[in-house]
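Biologist: I'm new to reading models like this one. Could you walk me through it, feature by feature?

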Amino acid sequence: MTEIITIDIKTEWDIITARQFARKIAKSIGFDVVDQARIATAIGELAKNIFLYAEIGQIEIEKIDNEDLNLKGICIIAKDSGPGIADIKSVLGENSPEGIGAGIPGVKRLMDNMDITSEVGRGTKIRVEKWLRMG
Amino acid sequence: MTEIITIDIKTEWDIITARQFARKIAKSIGFDVVDQARIATAIGELAKNIFLYAEIGQIEIEKIDNEDLNLKGICIIAKDSGPGIADIKSVLGENSPEGIGAGIPGVKRLMDNMDITSEVGRGTKIRVEKWLRMG
Amino acid sequence: MVQQLLIQYKQILSDYIANRQEQNLYVGQNYVRQLMKKNVAPEDVINIHKKAIEEIYDDLPEKLSYAYEFLIEVMVQFGLKFREHQSLLIKQEELRIEMDIATRIQNHLLKTTVPQIESLDIGMLSIPLRQMNGDCVYCFLYDKKDYLSFAVTDVVGKGVPAALCMSMVKNGLETLEYANNNPSHVLEVLNRIIEKSVDDSMFVSSFYGRYDLANDVLTYGSAGHEPGLYFRASDESFHDLESKGLLLGVLPEVKYPQFDIQLKENDFVVIMTDGVTEIRDIEVNESRNIIKEITYLHRHLSAQEICEKVYSELQKLQDYAMKDDFTIFILKK
Amino acid sequence: MVQQLLIQYKQILSDYIANRQEQNLYVGQNYVRQLMKKNVAPEDVINIHKKAIEEIYDDLPEKLSYAYEFLIEVMVQFGLKFREHQSLLIKQEELRIEMDIATRIQNHLLKTTVPQIESLDIGMLSIPLRQMNGDCVYCFLYDKKDYLSFAVTDVVGKGVPAALCMSMVKNGLETLEYANNNPSHVLEVLNRIIEKSVDDSMFVSSFYGRYDLANDVLTYGSAGHEPGLYFRASDESFHDLESKGLLLGVLPEVKYPQFDIQLKENDFVVIMTDGVTEIRDIEVNESRNIIKEITYLHRHLSAQEICEKVYSELQKLQDYAMKDDFTIFILKK
Ligand SMILES: [Mn+2]
Ligand SMILES: [Mn+2]
Ligand SMILES: [Mn+2]
Ligand SMILES: [Mn+2]
């Protein structure tokens, strides 16, 4: 249940690999085809950000659940040791600039929760979740 | 060539009639299925505006052409003797208010040209065109 | 709920497939419009469509289902724009509220009351292009009621920056209200204030006038402002009130000359911003002639009514598509 | 061009139908994203998809083509939103440029230079929440260099309205710079200016201080402002600089009491706006204790460095999600 899949992001092919894993896991959790597409798109954006701006990093995919609320879900963590984001607020804003963090507002809209920690020169960690209400 | 089709707009059914004529004429001019759908949608909005806010009015549909520029097109004129629009600028603005003229910015985006004249208490005349470049 | 959507959509779709009538399309569009209000995204609609088709054709070739899957996937991109639009609309609305408050404050700040004077008829009209006004007309009577002073001012630029700058100009004028009231002096002091405290890219034009109520003499000076118009009733002639003063805020020490004119019965003076004279597709000289014509034709009306006539006629002339703040001020003997 | 699109799209689609690999979907999404940049609307994509399918299956049942027609029709509604979004983005961009100019003007207007004084260490920091600042710290040395005066001011409200109001306050302060410099008097005059010229819904809090450089006595008064903090080095104790004065702009005639404190070596005084003390999820008393702790721990640093420490520590504590303009001013003996 706490199995974590880790994908190293070095080439554009790794973006596709990350999408593929995310889609498979999302499907196994019970997300429908539209949500699978959204989750794959979101992870693709996160991976692309690593590929383009940090050059190297990892993506982790994990199944999560909350028994009290009768929820199951998927959690994706993107980590890199790239340049970091100086102004996290601007990246989360509606019109994030071109360049680093360009797709982040989109990822936030495709998923349910997002959490960013970043230190300039040290790297960035972005954690997103998407939840599914069980029958 | 200068045949004008006039449809009285009194009931919601007349909206459908106007759409149907517009689609047929657009098709005969040579507009593709997407443009036909756009033209039908635009005329539907114009007719709905008459139906909802002026109660009574006419819509005219006409084939137009410009031989110099090698263009053919469709022209739609919506006339009513309803309350009129006091502030035409606000109706053409991006976020037109609810109520009278609500769909007008949309119509403008679906067509190529739009021209409005209106007098408060006397009525409104909206003329739109859409052009098609000939092979 | 999703099941409900599917049943309704399938009904509308199969009606269309069976009959291909305009009303089926009309109903379909209206239905999707309802879904959009409930934040249903385009990829959701494709998914509902796919499911409906799979129920309508139970022998649908697998490959056609795959094609729909592909369509769902690519539509996610439009779905992103759709959501982005929704949050942008919320932001727009917040901003609209903010600008409404700012406009209320500005209106309060720039508010000027037309003094009621027996011997002189005063009219003024100032219409901002957008919400906030970059023009300002300010008018006050000295305590002893012997002089009326007025300033017609235009900030180069529009919107919020112009409004900020204008509030500063207004403050400067209010401070000067208590001071020496010579137009040359007022313009010189205003110029120093603006040069000192405003950004280099901000310039202000101003026409400042002081009317001697006992002798009916108007003394005026101008800082790069649109020339005023003086109508002499005795020979029904128009004259430009020109004065070559530099715009305010360009250089720290500038001298502004001042001039006198004597007003007689039925004479009037029109001061305006360039938003009045810059008429679309019409050359400035020609547009000044148009303004002369309008004011002449309505010279029997009150100063305020003439202001309003000029505005409405020029609006009509330009198809209600003005391009600048519009301010006109008329003194009529 | 359209033919070109169709060929490319058909290729990507039939690759997917044949292989159903992740990379086909990835390529598809990227391709549609390119189309969107060229203003291709969602209904256009459905139409291209329909044509591609009709070419891939030359025996496609007619009814399935009708289903695609229906989909094109309903997608026109999303297409409208898509276009609306594009024009809204253009408007947003225009507005962004306008706000940048306004911010530059405001920065120029509110700019204050920290006077360099042998006997007193001065620090200040004012960070707006959004672009425009509704806080202001203004600080000046009298000509004779015997007194330093400062005002820390907060307009209730944010954004453009607050900025407009603040430019007015700043103007009032500048006028007063040349006048009587008693804190009670300054607050009384400011109150009259604001009450007179600003909208009823606008209130301003201000902490005004005058520091006697010869005798190291700070005289202060407050108009509804967050209490300052006074650190006495001799017994390492903190004291609140409280003063119950009404907010500026509420009533026309208000009296503001003033108080004196004597500063000794290593004593310091912290004046701040409520944006400093209102820390998310933390009660105000507790947050004042946090500020005492931070300033105490860094009391060996310069006044400016202490200001910066308070800002960075409080930012971290709130996960960089401040909710108000942030202004802090420190005088250190
Ligand atoms: Mn202007
Ligand atoms: Mn102008
Ligand atoms: Mn504030
Ligand atoms: Mn505050």
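**Metals and interfaces**

Modeller: Let's start with a pattern in the sequence: the donors of the manganese ion (ligand 2) follow the spacing D-x119-D-x49-D along the chain. Keep in mind that this is a predicted model.

Biologist: Which residues coordinate the manganese ion (ligand 2)?

Modeller: To read a metal site, look for N, O and S atoms within 2.8 Å of the metal. Here C:D154, C:D274 and C:D324 each coordinate the manganese ion (ligand 2) through OD, at 2.1 to 2.2 Å. C:D154 sits in strand 3 (residues 147-155) of chain C and C:D274 in helix 7 (residues 274-277) of chain C, so this pair ties together parts that are 120 residues apart in sequence.

Biologist: Is C:D154 buried or exposed?

Modeller: The idea is to look at relative accessible area: under 20% is buried, over 50% is exposed, and partly exposed is in between. C:D154 has 6% relative accessibility, so it counts as buried. C:V155 is buried as well. C:D274, with a relative accessible area of 24%, is partly exposed.

Biologist: Let's move on to the chains. How is chain C related to chain D?

Modeller: A rotation of 180 degrees, with 0.1 Å of shift along its axis, superposes chain C on chain D with an RMSD of 0.1 Å. The two copies are thus related as by a two-fold rotation axis. The same surface serves both copies, too: 100% of the contact residues of chain C recur in chain D.

Biologist: How much area is buried between chain C and chain D?

Modeller: The size of an interface is often given as the accessible area lost when the parts come together. For chain C and chain D that area is about 6900 Å², with carbon and sulfur atoms giving 70% of it. On the chain C side, C:F70, C:F78 and C:L164 lose the most area to chain D, together 11% of what that side buries. In terms of residues, 74 of chain C are in contact with 74 of chain D.

Biologist: How many salt bridges are there across that interface?

Modeller: For a salt bridge, look for a side-chain nitrogen of Lys or Arg within 4 Å of a carboxyl oxygen of Asp or Glu. The rule finds 4 across the interface of chain C and chain D. One of them joins D:R20 to C:E69, with the closest N and O atoms 3.7 Å apart. There are also 16 residue pairs in polar contact between chain C and chain D. Helix 4 of chain C gives the most to the side that touches chain D, with 32 residues.

Biologist: What about chain B and chain D, how many residues are in contact there?

Modeller: 13 residues of chain B are in contact with 15 residues of chain D. The buried area is about 1300 Å², and carbon and sulfur atoms give 54% of it. Between chain B and chain D the count is 4 salt bridges. Among them is B:R38 with D:D44, whose closest N and O atoms are 2.9 Å apart. Helix 1 (12-29), helix 2 (33-54) and helix 4 (104-110) of chain B each supply at least two residues of the side that touches chain D. The largest share of that side, 5 residues, comes from helix 2 of chain B.

Conventions:
Residues numbered from 1 in each chain as written. Chains lettered and ligands numbered in written order. Predicted model: local features only at pLDDT ≥ 70, side-chain atom pairs only at ≥ 80, totals over all residues. Heavy atoms only, no water. Buried < 20%, exposed > 50% of the residue type's maximum accessible area, 1.4 Å probe, protein only. Least-squares fit on C-alpha atoms with pLDDT ≥ 70 in both. Contact = heavy atoms within 4.5 Å. Buried area = accessible area lost by both parts, 1.4 Å probe. Polar contact = N/O pair within 3.5 Å; in protein donor to acceptor, adjacent residues only side chain to side chain. Helix = DSSP H or I, 4+ residues; strand = E, 2+ residues; numbered from the N terminus. Donors = N, O, S within 2.8 Å, 3.2 Å for Na, K, Ca; no water.
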